[in-house]
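Please look through the sequence and the model shown here before reading on.

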Amino acid sequence: MGRITLLSLWLWIGSGLAGAPPPMDAFQDQLEDAYQYAKACPDYKKYSTFAQPSVHCRTFTSSTVEQIIAEVTSKMVDKDLARLFENAFPNTLDTTIRWHVDGTKKHTELKPRSMDDGRWQGPQSFVVTGDINAEWLRDSTNQLLQYQPLAKRDPKIFNLILGAINTQAEYVIQSPYCNAFQPPGPSKLASSHNGQDDYVHPTYEPSFVFECKYELDSLAAFLSLGNTFYNYTKSTDFLTPRWYAALDTLLTVLDQQSESTFDPKTSRFQKNSYTFSRRTDQGTETLALSGIGNPLNFGTGLIRSAFRPSDDATILGFYIPANAMIAMELQRTSVLLKAVKKNQLAQDLEKRANVINNGIWEYGVVQHKTYGPVFAYEVDGYGSQIMMDDANVPSLLALPTMGFVDKNDRVYLNTRRMLLTKEGNPYYLEGKAFKGIGGPHIGPEHAWPMSLLLQAMTSDDDAEIKECLDLVLRASRLGLVHESIHVNRIGEYTRMLPPISSPSEHLLTIPRELVRMGEQRLRTNDP
């Protein structure tokens, strides 16, 4: 799973247009009987969202966000694009904040020991993944990304994101190998079952965990949420003992998942700390070799990931995009820790980041007979590689957006050329109506709008950027960006969900030059 929105094109506007919010939220003042309004609200999963939900049905409101929507849409010539912005920019707040507390009151329902160790204390935020009443670490991080520039100006957004960091820390501490989680106990929201028959080690508590697929980028997303919050606010309020406990747990997982399948000295098989086996007829839903996964070599410096961000199983466990993401987030976290004088811990994280980075360049770059040196999608350290890309991020196409390489890096440019051709990428899908990168999660006839936005983000070609934006807009007839589009029938899509609440897309920042290109299109009203 993962997440992106066309409205990320205007992410930078958040820091430029947002002024100080009014002293109180005007919308909340209008609620004479919030309980009665809430009872009348339709189930978000069952109704068309061509328009932004009624203010009485929104799960969280911010006057700063509403101000940005009004200012941006008033300047747009293309009203379809304006409607898309109006719907999608606030959608995380409108529909996915199922529980938020500001931390001013203690949870009296918790056991005394839980209160003593700081569990669930302070602000908390439970951010669901669209039509599923569960929180994915990666998705919730990306769902909140476009609001991060507003946190310094808007106390409500600040508290919401701080709560999200605290909640993710609790999830990582208890079940670091898991990717999706049930509502927190203090929320008193009902948990749900994913309907699968899984055999997982380490075991987990089903009332706490929704799904336990180990995805390296989920742990990177936890770090990213705090790093981005710090970058925009310079606040270290989230550096609590619980956050440090989560970081320690995360590092333990990285140590365990850097171990090889066979002991480098004795060649004896050593079973991985994490195994996953699902009763299924879909090969992408379970690991090979009865849940162990295919063998991985020693001495690579790379970290294993059992699953991809699409929630599909890896074929070769050294998933290069996730390794790039964790390397960058470890580096960013080390900078943060140096700022608070945690120098020894910062040095440890910096060293880890360098080892992974070196491993990527040594084992993750291969010589292609057509494109030259390129990044592989997955490797095993023995010389085998998977050559493809998937729309879900982190991906190879997204490497510059993570800061891993410059978009003009020679190896990246070779890789990008390979990924955006049918000859080089088996999941570059093109039909009569739509084209882009897809993936095995949906199948060989659906390309994902997210991939077109990433293509635009990593391009300096105005014509290419315009083509990508036009395709996304044409495929968003209901005022929303969908998960995937049938390449021969543009009106056929999977999941009628806005992009920031679909478990297949990531929010990513868009460079300012791309924003200017989009604004130029609006001013000239090009068809």
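Helices (H or I, at least four residues) and strands (E, at least two) are DSSP runs, numbered from the N terminus. The coordinates are a predicted model, in which local features need pLDDT of at least 70 and side-chain atom pairs count only at pLDDT 80 or more, whereas totals for chains, interfaces and linings use all residues. Residues are numbered from 1 along each chain as its sequence is written, and side-chain values use heavy atoms, with hydrogens and water left out.

The chain contains 18 helices and 17 strands. Of its 527 residues, 59% are buried, where buried means under 20% relative accessible area, exposed over 50%, and partly exposed in between, computed with a 1.4 Å probe on protein chains only. A contact is defined by heavy atoms within 4.5 Å, and among the contacts in the chain between residues at least 6 apart in sequence, 71% join residues at least 24 apart.

Helix α9 can be followed from its start. There, a side-chain oxygen of Asp154 reaches to within 2.9 Å of the backbone nitrogen of Lys156; a polar contact of this kind is a pair of N or O atoms within 3.5 Å, and within protein one must be able to donate a hydrogen and the other to accept it, while residues adjacent in sequence count only if both atoms are side-chain atoms. Helix α9 is mostly covered, with 16 of its 20 residues buried. Ala164 lies in this helix, which runs over residues 155–174, and Ala164 is buried at a relative accessible area of 2%. When residues up to four places away in sequence are not counted, Ala164 touches Ser125, Leu144 and Leu225. Between Ala164 and Phe238 there are 9.8 Å in space, C-alpha to C-alpha, although the two are 74 residues apart in sequence.

Helix α10 (residues 216–233) holds Asp217, which counts as buried at 0% relative accessibility. Leaving aside neighbours within four places in sequence, Asp217 is in contact with Arg138, Arg308, Pro309, Ala322, Met325 and Pro394. Another cis peptide bond runs from His201 to Pro202, with omega near 5°; Pro202 is in the loop between β5 (198–201) and β6 (209–211).

Backbone phi angles draw attention to two further loop residues. Trp120, in the loop between α7 (112–116) and β2 (124–127), has a positive phi of about 60° although it is not a glycine, and Trp120 is buried with a relative accessible area of 7%. Asp311, in the loop between α12 (288–291) and β8 (318–319), has phi near 75°, again a positive value in a residue other than glycine, and Asp311 is buried with a relative accessible area of 3%.

Not counting residues up to four places away in sequence, Tyr382 touches Phe262, Pro295, Leu296 and Asn297. For one of these, Leu296, the C-alpha atom is separated from that of Tyr382 by 7.3 Å, with the two residues 86 apart along the chain.

The structure also holds two cavities of 30 Å³ or more. On a 1 Å grid over the protein atoms alone, a cavity is a set of points where a 1.4 Å probe fits but cannot get out, and lining residues have an atom within 4 Å of a point; grid points are joined across faces, edges and corners, and a volume is the space filled by probe spheres set on the points. The second largest cavity has a volume of about 30 Å³ and is lined by Phe60, Thr61, Ser62, Val65, Glu66, Pro90, Leu93 and Asp94. Helices α4 (63–74) and α6 (91–95) each supply at least two residues of this lining. The lining residues divide into four nonpolar, two polar and two charged, where Ala, Val, Leu, Ile, Met, Phe, Trp, Tyr, Cys and Pro count as nonpolar, Asp, Glu, Lys and Arg as charged, and the others, Gly among them, as polar.

Definitions and conventions
1 Å grid on protein atoms, 1.4 Å probe; cavity = no way out; pocket = protein on both sides within 12 Å on 5 of 7 lines; lining within 4 Å.
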